[in-house]
Amino acid sequence: MSPFLQHPDRTRREFFNTTASGLGAMALGSLLTRDGLLSPATASASSIGPSSTTKKPHFPPRAKSCIFIFMAGAPSQLDLFDPKPRLNELHSQPLPKEIWETARFAFIQPESAVLMGSPRKFTKYGQCGMEFSDLLPNLGSCADDLLMVRSLHSEEFNHHPGQLMMQCGVSRFGMPTMGSWLTYGLGSESENLPGYVVLTAGRGSSGGATLYQSGFLPSSYSGVLFRNTGEPVLNLRNPDGLPPELQRAGLDALGEINHGRYQEVHDPEIASRIANYELASRMQTSAPELIDLSSESQATLDWYGVDRPEPPGKGFRGTLPHLKTHDAFARNCLLARRMVERGVRFVNIIHASWDQHSELDRNITYNATAVDQPIAALIGDLKRRGLLDETLVVWGSEFGRTPLGENRRGRESNTGRDHHPFAFTMLLAGGGIRGGQVYGATDEIGWNITEDPVHVNDLHATILHLFGLDHLRLTHRFQGRDFRLTDVGGKVIPSWLA
Amino acid sequence: MLRLALPFALSLLVASSYGPAARAEESSPAVTFAQNIQPLLAQRCLECHGPDAQEGGLRLDRRETALAELDSGDTAIVPGDPAASALIERVASESADLRMPPEGEPLTHDEVEQLRKWIAAGAHFTGHWAYEPLSTAQPPVPRNTVGIVNEIDQFVRARLEQEGIEPSPPADRYTLIKRLYYDLHGVTPTIAEVDDFVANTSPDAYERLVDRLLASPRFAERWARHWLDKARYADSDGYEKDNHRPDAWRYRDWVIHAIHTDLPFDEFTIQQLAGDMLLDRTPLAHLATAFHRQTLTNTEGGTDQEQWRVAAVMDRTETLGSVWLGLTVGCARCHNHKYDDFTQREYYQLFAYFNNGDETTTEMVTSPESQAKYERELAAHQDSVARQRKQVERIREHLLLTEEAQGLGEQNDETIEEFALTHEEYAQAKAELEELQAQAPKPPRMKVRVISEREEDRRTTHVLHRGEFKQPQESVAPGTPSTLPGWGADDASPKSRLEMARWLVSGENPLVPRVAVNHIWGHLFGQGIVRTVEDFGVRGERPTHPGLLDWLAGEYIRLGWSRKKLAKRIVMSATYRQQSRHRPELSDVDPTNRWLYRQNRFRVEAEAIRDLYLSAAGLLSSKIGGPSVFPPIPPGITDLNYNSAFQWKVSGGEDRFRRGMYTYFKRTAPHPNLTTFDCPDSNVTCLKRRRSNTPLAALVTLNNRVFHEASQALARRILTADLEGDGQRIERAFRLCVARPPEPSEQKTLHELLATSRDWYASHPEEARQLVGNYAVANVDSREAAAWIATVRIIMNMDEFITRE
C-alpha cells in the first residue's frame, strides 16, 4: 500500500509534492502498480474476489523475460526441423494400415491418402550438429544456442482450440494466457510500459484476440497490442489540436479534482485512477520512443531485415496484399528486444498463417523467409548484449503437419499437408535453456513420438520453472477451483535446463 | 427417493433457519459445521477425501462415510471422542510424513481446535446452506429503527448492531438521483430532472422517481445487458471463421422486450430454456430459446461437427449450472466434482436435457413495431389497390356502354378485356393497378436461430469418458442433481427439458431464487450477498446476510418473480440510499463493507461509460433495438481476425451514437473500447464483470475518438445554452456530467485550466480549428471553443463521472 493511502488526510500540497506531478509520481506509480502491468489491479482485485497473487518467484529464476514467437496455423516440422529420409523413400505409398485405422484426420481421406516426402535439403549446423532444412539457414547458425524439441504433442485438432491450448494450457475459453499468468505471478519490471505486449505481422490468426486475453484474471493482465509503426498503442495520441502542454495542464487539474474527491470519500480506487492517468501520460512518451528505430544502427536494422522488400509473387497465405509482412516481422523482432531491454515481461509475436493445406512449397518458403533472418538476428542480438541468459525465446505453434499429402476432395494434387497434433517441433533458446540439444524423436515417417513425449502442459511447466515459478503453486481461485496454466498436468523437464 | 443431502435426521447444533435464531449462530463463537468445519474441509481435505477421490478409504463430505472404518483400520472421526479420532491425530501430527494435508501449510492451531471441539460435540453434519429450503423466519427487529424503510433494513441494521457499527446517513439528493440513473438507466439525468428532484420535498418524490425510471425502456436496455452477459450474446459465431450472425440481435431485442414488459422470471426462464416445447408456443417464446443458440459454432475446415455439437451442449449444461444454480458443474465433464457433491453421471444427466434440442431456424417478425407498421402500411396499400381496382372497373363499364362495344361479337371476359385494352385510358389504369399491386409492403420477417426439440431419431445420452465425444460409456436418462429437491408428488426428476425449466422456478428449488436475487442485488450494490455470485458451492463464500438472502428469495416468489418489483424493494431501502463514502475508522474492522454500513462506490461497465459520455454531451441516440451497429473503430482491429473478408463498415447518422450495448460484437476482434473496460468476451457465460483500473482505460477516455467527440459536443452544448459567464458554463458542464454543482475549489481549478487553454489557443488558431473539428459553434471563435473543449474533457475524465457513488 502506498504511503499516500496510509495517510489519507495528508494535505493536498503534500500529496502533489510527493506524488502526482513531482518525482514522487514514479514512487506512487510503482507502489500502486508493480502489481501486474502498469495497472494497479490490487485495489480492483481485492474488491472482486480472493486472489492468490504472488509477486515474488517461488525460487530463484533463470529467466526474466519471455519472447514467444507464435507461428499460428501449424508449420510443417517435416520441411523445417525433422528430416525423414524414409518418408522420402515411401513417397506416394499409402499410410500403414495400423495408423489410418486409429488416427483422426481433418481433410485427408485416409483410404486413398499417400505419404509425401519433403523436397527440402537438411544440413547439420553448429558444434551440436542440429539439423535444419534449407529454408532456415539463419536459424541454423544459432544451433548451439537452441533446444529443438521434436516430440511436442497436443490433444487439439483444430486451429482455434489448438491455439488456445498452446496459449492457455487448456482449450477452453475464458482462461488466462501464458503472458497473463507470468505477469500475474511476477508483475512487470517496466515503469512505463505494459508487462505483456503483443505484436502481430501478416494476416489475423484463427484465435484473434483470444490468444492474448486474461480470461478470468483482471483485464490488466491481458496482452496489450502494440503496432510497429504509427500509433504504437491505441488512443496514445492526443486529439488533433491538443498540445502536450495542455494535456499536462489538464491532467494536473484532473489530479486536483480527483484528489479532492479522494479526501472526501477515501476510496482507494481514486488513488489508483490518479496514478493510472499519470502512467498513461508517461506511456504517451515512452511508447513512441520504443517504436522509434532511429537510434538503431543501419547494421542492426539490416541484421534483422527491417525495410526488406516483399518477395515477388502473390497470394501467399502468410500475408495479405496490403501488408508488408517481411518488414513487419523484422520490426517486431527488433521491438521485442527493445521491450525486453525496458523491462517488459512477456512479448508475444504472432504471425499467421502457416496453415499450408495446399501449395506447401511456395507458402512455407514465403513464411520461412519472413521469419528466419529476424529471429536469428534477435537471438544473436540478445546474446551480444548479454540479454539472452535472462530472456527466454520460444518458437512454436499449435501443432504440426502430417507426413501424408493432403487429398481433400477436389484438391487431390497432394501439394499440402494436414493437421497433425500427435508430434510436432518447437524451439527454445536462452533464459536458462541448455542449447545445442535435440530432445525427443519421432518414428521414421514422423507420425508418432518414439522418445520423450512432451505435452503442452509440460512445456508450460518448464517455462514457468525457468521463471522461478512452481506451476503447481501459481494458481488463481475462480468459481471455487484453483486454476493453473498447466490445468491438471505438467511436469518440468530437467534436461532442458542449463 | 430421498433427494436432500441430509441422509438422516440430525439433532442439529444450529437452527437451519436464518431468522432471529440464526443470529445466535452468526454471532456465537461456538464451532458449527456450516461456519467453521465445512469450509475447512472444502479448502483443505475434499480434493483427496471427497466426492471424487477417497484416499485411504476416507470421504469427508458425508457423515456416514466420515465415521466409517478406514483402509488402515482406524476411524477418522469418532463422535464425542477427539482423542480416538485419527483425523485429529493426523492434522495435529508433528511429523511431516504423517501430517495432513500433505501439501501446503499445516492447519493452524485454531483450526485443529475447531475440529477437536466439533468432534467432541458429536461431529454433526448439516447440509450445505445453499441446498437447504428457504428460511421463512421473520425479519429481525433491530433496537434502533430510526430511518428504516423495509425488511431489508431490518436485516442489515440488526447485523450492524451485532457488530456495533452505525449505518451511514442517507446520501444527498444529487447523489441519489445520479445513483438511480446509473443503476437503472446507465445514462445521466438531465439538469431539469435533477433540479426537480432536489427541489421536490414531498415524501414520495423518491418513490415516484424510482417508478418513472423502472417504467422507461432505458431500464430495459440497461438490465438486458446484464442478462446478455449471462447469455454470452455476440454477433458472430466465434472460433476461427467467426462468421457473421445476422439474426443474433433479434434475441437481444427479445430480452429488452421481456424486461421492459417485466416478464416474470419464471416465465423468462421457461421460455429461454424450453420455449420450443410449450404447448401454446408463440413465435416469441420460440425466439427465447436463442438464449442457448449463443453458443459458439466452429466451422473451421476439417472439424468433426459432432465434436462441436457436443461442445455446445456441454456449454448449455454448464451455463445452466452457472446462471440458474450458481454451481460450476463443468468439472464433472471429466470426473466427479472434487468439492461439491456432483458426480460425472449427474453431469451427463443434466446434459441429457439439452442433448435432443436441435439447432434449427424459424421465421418470425423482425420486431413488434415493424409488424405493426407493416400492418398499417398493408391496410393503406390494400385501400389504394381497392380504389384503383374500382377505377379500372368503372372505366371498363363505361367502355362497354359505348357503341363500339356493341359491335363486339361474343362477349366474355377475354374478349372484353382485349377490347378494353385497346383504349389507352383503360390500359393505363390497368397498368397502374398492376404496378400498385407489385408494391405491396413485404412482411417484416426474418430467420432466427433457435432450439427445437428433436422428435424422431432421438439421441441417447452417454457418460463420456474424460468428456471425450468419441468415448461414450453407459447411457443415462435426464435427471437433476441429487442434492436438490425433486419435483412433483413423487419427488422425481423432471423428465424433459420443459419440465426441468419448470422445476427450476417451481419454488421448490431453493437455489434458483437465491442465485437470481443475488444477481439483482449485485447490480444494485456492486457486490452480491453471496460475494462469489458465480459459486454457491461449498468452496464459494457464504452469504454475508443469510436471512436477508432468503427473505429476498422468498419475496421474489411472493412478488410473482417480478424483476421490477424486486428491484424497487431494494432501491427503496434505506440500506440502498446510504452514502457511499468510505469510513476510514472501519477500514480495519470491515474493509470491504461486508456488513453494508455504507453503499459501495464502483466504476460502471464498458457500455455504460460510453452511454454516460454520449448522454452528457447530448449525442446519445434513443433508438431501441434492431441490427447491431458499427461505431468508429481504430484502424487495424478487424485485421486481427482470421476472416479477412470481414469489414467494419462504420455506421452513419444516429447509429454512430447508439448505446454501447448495440455495438457489433465480433468474438475474435471485439471493439477495444468495450474490452478495455472489461466487457466479457462472450465465449462463455459471465456472471460478474471485473472492474479494472488501467492506464489504457485512461487513454481511452482522454483520447479515443468517440470520447473526444463527446467533449466537443459538450463544449458546444454549453456554449449554445442560455448561460452567462464562465462560472455558469463550467457549472453547467459539471452538472451535466455528475449532477451536483462544483465545489468552489473545483470551480477554481477549472477556471484556471480554462484560462491556460485560452492563453494557448489565442496564439494557435490552426490547432484550435483542429480541436473543434466538426463541432464549430456559430458566433463563437474556434479559439474560444477549443479552450472550452480542453476544459470540459477534464470534467469528463473525473473519477466521479464513471463511478456510481
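1. Two residues are taken to be in contact if their C-beta atoms, placed from the backbone, lie within 7 Å. By this criterion, 72 residues from chain A and 73 residues from chain B form the contact.

2. This is a predicted model, in which local features need pLDDT of at least 70, side-chain atom pairs count only at pLDDT 80 or more, and totals for chains, interfaces and linings use all residues. Residues are numbered from 1 along each chain as its sequence is written, while chains are lettered from A and ligands numbered from 1 in the order in which they are written.

3. On the side of chain A that touches chain B, at least two residues each come from α4 (41-48), α8 (159-168), α10 (244-265) and α11 (268-291); helices are DSSP runs (H or I, at least four residues), numbered from the N terminus. The most is given by α10(A), with 13 residues.

4. This side of chain A comprises 30 nonpolar, 30 polar and twelve charged residues. Ala, Val, Leu, Ile, Met, Phe, Trp, Tyr, Cys and Pro count as nonpolar, Asp, Glu, Lys and Arg as charged, and the others, Gly among them, as polar.

5. Within chain B, helix α24 (residues 606-617) packs against helix α27 (residues 705-720) at an angle of about 25°, with the axes 8 Å apart. Axes are lines fitted to C-alpha atoms over the stretch in contact, and angles run from 0 to 180 degrees between N-to-C directions. The two helices are therefore roughly parallel, a term for angles under 35 degrees.

6. Among the residues making this helix contact are B:Tyr613 and B:Leu614 of α24(B) and B:Phe707 and B:Leu714 of α27(B). The contact residues divide into nine nonpolar, no polar and two charged.

Terms used. Angles under 35 degrees count as roughly parallel, over 145 as roughly antiparallel, 65 to 115 as roughly perpendicular and the rest as oblique.
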